[in-house]
Amino acid sequence: MSVSPGSDRNREDLPVVLEVVAVCDAVLYSSWLLPVLVILIAIDGPFPVLPSETLLMTAAALAFGRHDVLAVVALFVVALVGSVAGDLLVFGLGRSSHRVLARAVEVEGGLSSWVRRRLLQRPAVVLVGARFMPGGRLLSTAAAGRFGLDVPRFLLGSVASSAAWSVYMLLIGLLLGPITGGSPLLSLAAGVVMAVLTAGVFALVQRVRAMRAAAAAPSGVGPALEMVAPH
């Protein structure tokens with residue numbers, strides 16, 4: 001019986017998948033989980049490509065699946081501290097340099113224009129609202145530093161947005177807990193799926209709002225891409 005090349009490739013990839021699962025399992029049950037999460041969430045501020053959200057949602061799903069209240073509280077604190085630390089890092093970069101992160105802040109239209117117009121008047125609303133948009137954390141915190149928002153108001157907005165985001169991540173973990181049954185593999189897979197779906201939903205909402213604004217604009221006027229502040 002012949003064996004297809006695809007079947008051979010799948011068998012070769014299986015040990016790699018098992019190794020990844022083993023590493024995730026070791027991290028999720030390790031005493032290093034909380035320090036690693038703090039670092040990843042903080043670094044995710046200027047470099048939003050790290051799997052911090054996926055790891056946090058996975059850890060939350062496992063904690064809820066085990067009914068471990070202490071672990072849930074610890075994850076909230078870790079998420080909050082890491083998020084504020086990352087926000088302050090990006091804020092400092094935006095304030096100290098006119099070149100670092102300038103492209104993200106000065107893009108015309110869409111979320112960038114909404115942030116620039118409202119940041120100094122309603123910083124807390126902007127920081128919280130932008131936090132739930134794809135790329136919004138980096139954009140809003142960099143803009144706060146670049147446009148001279150004072151530190152106390154920025155810190156207040158950062159704490160508020162970080163707390164809201166942390167609760168949101170834990171709620172997703174709460175929803176995933178019964179589905180995954182505490183399995184690290186299923187929790188990791190569900191975390192990845194939820195992260196992708198969340199980003200897709202917000203991107204779709206942003207696109208629909210932009211299309212509606214463009215359709216409502218008077219003839220001869222360019223499309224209005226102003227974002228509406230979330231309530």
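Visitor: Is tyrosine 168 buried, partly exposed or exposed?

Guide: This is a predicted model, and in it tyrosine 168 has a relative accessible area of 25%. Buried means under 20% and exposed over 50%, with partly exposed in between, so tyrosine 168 counts as partly exposed.

Visitor: How is the aromatic pair of phenylalanine 132 and tyrosine 168 arranged?

Guide: The two rings lie 5.5 Å apart, centre to centre, with 85 degrees between their planes. Because planes over 60 degrees apart count as edge-to-face, the arrangement of phenylalanine 132 and tyrosine 168 is edge-to-face.

Visitor: How far apart in sequence are the parts that this pair ties together?

Guide: Phenylalanine 132 lies in the loop between helix H7 (123-131) and helix H8 (136-146), while tyrosine 168 belongs to helix H9. The pair therefore ties together parts whose separation in sequence is 36 residues.

Visitor: Which residue has its ring under the charged end of arginine 131?

Guide: The charged end of arginine 131 is 4.5 Å from the centre of the ring over which it sits. That ring belongs to tryptophan 165.

Visitor: Why is the pair of phenylalanine 91 and phenylalanine 154 called stacked?

Guide: The ring centres of phenylalanine 91 and phenylalanine 154 are 4.2 Å apart. Planes under 30 degrees apart count as stacked, and the pair is stacked because its planes are at 15 degrees.

Key:
Residues numbered from 1 in each chain as written. Predicted model: local features only at pLDDT ≥ 70, side-chain atom pairs only at ≥ 80, totals over all residues. Heavy atoms only, no water. Phe/Tyr/Trp six-rings, centres within 6.5 Å; stacked < 30°, edge-to-face > 60°. Helix = DSSP H or I, 4+ residues; strand = E, 2+ residues; numbered from the N terminus. Buried < 20%, exposed > 50% of the residue type's maximum accessible area, 1.4 Å probe, protein only. Lys NZ or Arg CZ within 6 Å of the ring centre and 35° of its normal.
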